[in-house]
Each structure stands twice: as structure tokens, then as C-alpha cells.
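I opened the model to look at its core and its helix packing. My notes follow the structure.

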Amino acid sequence: MSQTETELERTSLRERMVGGVRAEDAGATTDLSGWVHRRRDLGGLVFVDLRDRSGIVQVSFGPDWTDPVSLELAHDLGHEDVIRVEGTVELRPEAARNPELITGDVEIRAARLEKLSDAVTPAIPVYRAPDDELPSEELRLQHRVLDLRRAELQQNLILRHRLVLAARNYLDALGFIEVETPMLTKATPEGARDYVVPSRVHKGEFYALPQSPQLYKQALMVAGFDRYFQIARCFRDEDLRADRQPEFTQIDLEASFVAPEDIFTWMEGLITALASVADIDAPVPFPRLSWVDSMERFGSDRPDLRYSLEIEDWTEATRDTDFGVIRTQVEAGGRVRGLRLDGGGRLSRKDIESIEATAKAAGAPGLLWAKRSDEGTSGTLGKFLTPEQADAIGLGVGDLVLVAAGKDRITSPALAASRAAAAVAMELPHQREHSWLWVTDFPVFDEEDGRLTPSHHPFVMPHSDDVPLLESDPARVRGTAYDMVYNGTEFGSGSIRIHEPDLQRRVLRVVGLSDAEIDEKFGFLLGALAAGAPPHGGIALGLDRIVQRFTGSGSLRDVIAFPKTTAARALYEGAPAKVGERELEALGLEVIESRGQE
């Protein structure tokens with residue numbers, strides 16, 4: 001607890017925050033205000049736990065030191081009433097001290113009590129005994145004001161504030177300038193659906209809420225600002241999970257005349273500054289892994305490197321196995337890859353089926369497995385393995401292998417999911433608690449359903465050696481893109497940008513846009529680049545995700561003051577909501593009910 005939180009400047013209704021009272025204040029008079037966290041009425045004496053964001057302090061009321069009117073009022077206090085007390089700081093008897101509280105050595109003997117506000121009976125409890133379960137998340141989100149009184153959530157948001165402050169100070173010291181970019185902008189294809197906002201003035205036309213400040217920050221580089229940053233609000237209309245919200249916050253930056261090394265150095269320094277605030281270990285420099293190596297060894301472009309378990313290629317070792325599944329997949333150009341779990345033979349059939357279910361959820365038709373004992377090999381693959389083939393894949397006695405056969409685009413995500421599930425089932429020890437990584441050299445394009453889409457976004461500068469392949473073999477083009485990964489979670493994504501208008505047009509053509517569409521959607525960007533654009537690049541770090549991981553919270557909703565549900569609803573204020581006919585008419589809109597849906 002920082003001094004600024006516990007010893008704020010005196011105001012008219014309090015001398016300090018309650019968490020600032022200490023044993024060295026014994027004998028002093030004080031004036032405190034806050035919420036009634038808990039009340040214990042012992043007949044002659046009343047004890048109140050008084051709470052504000054800085055902590056809790058015990059306040060006692062008794063006939064020997066409290067005026068009669070205040071004592072009578074103390075008997076009637078309810079949970080979450082807002083009160084002001086004046087009294088003397090007293091040391092608690094040794095046996096009555098509470099080591100769980102920062103104020104646990106003292107209590108306030110209240111001479112006077114003033115009730116500042118009545119509270120109705122709380123819909124959800126703020127005070128909880130240690131073993132009490134939280135109410136359902138839906139109920140807590142409906143009554144978010146009460147939920148936000150919980151110390152855990154307040155500390156999450158206080159840490160969030162400190163991280164933002166540390167980021168601003170760090171970037172300012174490097175010469176970055178904070179610039180706000182528009183919230184009402186033009187829809188551009190950046191990989192997710194846009195939230196659109198109708199214009200009343202220009203009926204039939206729409207703004208879009210920004211998925212990111214990408215094009216504006218590039219324009220700022222062309223404008224000569226050299227180094228930009230922003231604590232940027234972004235919006236994406238996509239399906240939600242625990243680690244996604246429709247509106248989110250990025251630590252967004254861009255700089256001119258830079259190469260990836262500059263971004264890496266600056267971001268490692270920024271993470272060091274943020275991690276020191278949260279007491280997280282972040283040794284620099286971070287390891288680096290190319291996208292190709294990351295997918296080959298871990299099946300993922302955001303691998304969790306806290307534990308040692310890598311995917312191996314057993315295509316040659318198993319090619320002649322008398323097993324139709326493997327033979328068919330290899331003949332079709334697929335590979336046989338898998339994970340070897342030393343000592344994994346102890347896992348039960350139920351454990352293996354659970355891992356297989358994870359692989360299927362990741363898109364695989366199934367997962368093969370083999371165990372080896374003194375009697376031989378067993379399992380869906382094991383019964384087809386000869387002793388020589390078992391030796392070739394390193395399957396020792398007491399071990400388990402998990403195997404997927406097929407094209408990499410199917411087997412890689414399945415094996416990545418199996419790796420994570422197996423690590424849990426095996427209780428693999430962490431080699432380190434905080435694993436940082438740069439994944440580099442992403443492909444510029446992904447292939448989905450026979451068409452090319454940008455791997456990150458269509459503004460990534462291709463590697464100079466690969467530019468000639470843009471039209472002839474675009475799937476092989478590597479980009480100067482990079483992701484920062486922490487414990488298997490992507491913290492940020494960035495790249496060096498295309499600063500040549502002709503090259504930018506070529507990339508946009510590859511993803512299927514005609515010249516007319518390019519001019520309509522990106523004409524303002526191409527015009528800016530044609531005005532003389534410096535080489536530039538940047539990155540955006542997900543602030544919500546950083547706070548979530550640094551606090552160990554189970555959901556992004558625990559680190560955002562007023563979040564949305566996984567159905568993109570704001571339960572506290574009741575949004576989204578219907579709009580009246582008059583408002584729709586002013587916007588030139590009409591709501592058409594969907595047919596065939598409930």
C-alpha cells in the first residue's frame with residue numbers, strides 16, 4: 001500500500017484514509033470516513049470494521065468514551081452505511097491484534113459518529129468470511145458497484161493505474177509523444193467486424209469505432225512526429241471468451257527510422273518497468289524464436305515455455321508401421337508428429353481420453369497414443385509398433401507418446417492443445433515462473449478456405465528477400481512481424497510497416513482487393529505514404545491482458561471496471577438496449593426483426 005493511498009491530503013470530512021492508521025499514532029485523535037464493512041453488537045459495546053479503498057480499521061463504541069447519541073446510532077448501523085467517526089487511536093491488547101490487517105495493531109475509540117449515507121440491504125455481500133463463495137458472476141456484474149467494493153477488484157484496478165502511469169513515464173523519457181486518435185473513423189478490414197455508428201447529419205452513412213489506431217499512427221509518422229504512443233481504446237465486434245472483450249485497451253506506439261531491434265529493446269525496457277510495479281520477474285533480453293520454429297517445436301505461435309516439452313517429428317520412424325491411419329496420412333503428404341512424456345505411462349486411460357478430447361476440440365479427428373511396459377507396447381498406436389519402431393521414437397519403458405498424423409495445419413494446433421493438457425495431467429514442474437519470448441518472422445499471409453488473408457494486418461513490411469514472391473508464391477512471404485509472449489499468452493503484436501505506396505498496393509492486391517477497392521478503403525493511407533514516409537514500425541500491448549496475468553485473475557472482467565459478459569452485454573447499465581422510433585427516424589434507420597430466430 002503506497003503512502004499516497006493511505007495518507008492522502010486531509011479533506012473536510014476526513015483526516016486520512018483508514019489504512020494509514022498505525023501503532024505509532026497511538027494516543028492521537030483522528031477523523032475517518034468510510035463504509036461499514038461489518039458490525040458486531042455486544043450489547044454495551046459495538047465494534048465496526050470501517051472500510052475504504054486503503055484498508056479496514058476497527059472502530060469501537062462504548063458508554064465510557066462515546067457520546068450517548070452516537071452510541072445509540074452505532075447500534076443501528078447497517079452494512080455499507082457511510083459514516084464518519086472522530087476518536088482516539090488506541091493500541092489493541094496483544095491477544096486482540098489482527099495480523100491480517102495493516103491496521104491490526106490498533107483500533108479507533110470513537111467519541112462521535114455521524115451517518116453520511118444510508119445503504120439499503122446489499123443485493124450481494126461485500127463482507128465475506130474466508131470460506132464464503134462469491135455470488136455468481138452474472139449477479140455480481142448486475143450489481144457491479146457493490147462488487148467493485150471488494151478489495152481484490154480494487155487492488156486490480158489500482159495496479160492497472162500504476163502500470164499505465166509507469167508506461168507513460170517510461171515512454172515519455174524515451175521521447176514518445178502521447179497523441180489521441182479518433183474514435184469515430186472509417187471502417188477498414190483489420191480482421192474482425194467493426195462496430196458501426198450511424199450519422200444523424202449524413203443519413204445512410206456510418207462511422208466505425210476503431211479496431212486499433214493503426215492507420216492514424218502511421219499517418220503520424222508521415223507527419224513527422226517521430227515517436228507516438230497512446231493508451232488506446234479499441235473495439236472489435238467478435239465472439240468473446242474469458243480473454244476477450246468487445247472494447248479493450250492497448251499500450252500503442254509507433255516510431256520512425258527503426259528496425260525490429262529498436263522495438264525489442266524499448267519494449268523489454270517497458271516490460272521491466274511494468275513488471276517491477278507488479279513484482280514480476282522479467283529478465284532481459286527475452287529469448288527469440290522464429291514463427292517456423294515455434295510452430296514446429298510447440299505447434300503454437302504463443303508457446304508456454306515454463307515447462308520443457310517439445311513436439312517431435314516421427315514420420316520416418318513410423319512410415320512403415322502397419323497402421324492404415326498413418327500410412328494414409330503420410331501418403332497424402334502429411335506428417336507424423338507427437339509428444340513424448342517421460343514417465344507418462346502412469347496416466348490412466350481416462351487421463352489420456354481427456355487429453356484426446358482437448359485435441360479434438362482443437363480440430364484434430366483424434367489422437368493416437370502408445371505406452372511401453374516390460375510386456376511390450378499398448379494403445380491405439382502402440383499395438384502396431386515393433387520394438388525397433390518404439391526405440392526409434394524414444395518410447396522407453398514407463399513412457400507415453402501422444403501422436404497426431406496429418407497436415408501441419410491440423411496437427412499443430414491439436415498438439416499444442418495436447419501439450420498444455422498433458423502438462424497439467426503430468427503436473428510438469430515449471431523451470432521458471434515467468435517465461436518471456438519474442439516470436440518473429442511471421443508469414444505475411446494466412447490461407448483460409450482457399451483465399452489469402454493477412455496474418456497480422458495488411459500493412460506488415462515483407463522481408464526484402466521475399467518481396468519477389470508476392471505474386472508468384474505469397475504463402476512463402478515472411479513479414480517483419482513479431483509477437484511478445486508471456487507464459488503462453490500473447491501480450492503484444494507489432495511489425496515494421498510498409499512505407500512505400502506501390503508495395504502497399506501490391507500487398508492489398510494479393511488479399512483480393514481491386515485497385516478501385518484499394519483507393520476507396522485505403523486511398524488516404526496511400527496518399528500519405530506518397531508524401532514521403534519514413535521507415536517506421538511499432539507494437540501494441542494488451543493492457544487488460546497484462547493486468548490480468550500480473551494479478552493472476554481468472555478473467556479480463558476482473559481487471560476492467562465495467563466489463564461486458566461473454567454475450568457482449570453490459571449487465572450493470574443494461575446495454576445494448578433498444579432505441580425509440582423517434583431516435584431511429586432521426587438517424588434514418590429502421591429495425592428489421594430477424595426471421596426464424598428466437
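I began with the largest nonpolar core: of its 67 residues, I251, M267, L274, W436, M484, L541 and F550 touch the most other members. Helix α7 (residues 260-278) supplies the largest share of this core, 9 residues. I took a nonpolar core as a set of buried Ala, Val, Leu, Ile, Met, Phe, Trp, Tyr and Cys residues joined through side-chain atoms within 4.5 Å. Buried means under 20% relative accessible area (1.4 Å probe, protein chains only).

The model is predicted: local features need pLDDT of at least 70, side-chain atom pairs count only at pLDDT 80 or more, and totals for chains, interfaces and linings use all residues. Residues are numbered from 1 along each chain as its sequence is written, and side-chain values use heavy atoms, without hydrogens and water.

Next I listed the neighbours of I251. Leaving out residues up to four places away in sequence, I251 touches A167, L171, Q230, I231, L270, L274, I539, A540, L541 and L543. Contact means heavy atoms within 4.5 Å.

Then I checked helix α8 (residues 291-298). Its buried residues are S294, M295 and F298. They line one face of the helix, because they fall within an arc of 100° seen down the axis of α8. They pack against β11, β12, β13, α13 and β17. G299 follows α8, with a positive phi near 70°.

Last, I looked at α5 (residues 151-173) and α16 (residues 543-551). Their axes come within 10 Å and cross at roughly 125°. The contact includes L159 and L163 of α5 and I546 and F550 of α16. The crossing is right-handed.

Definitions and conventions:
Buried < 20%, exposed > 50% of the residue type's maximum accessible area, 1.4 Å probe, protein only. Helix = DSSP H or I, 4+ residues; strand = E, 2+ residues; numbered from the N terminus. Arc of directions from axis to C-beta. Axes fitted to C-alpha atoms, helices over the stretch in contact; angles between N-to-C directions. Left-handed = near helix turned anticlockwise from the far one by under 90°.
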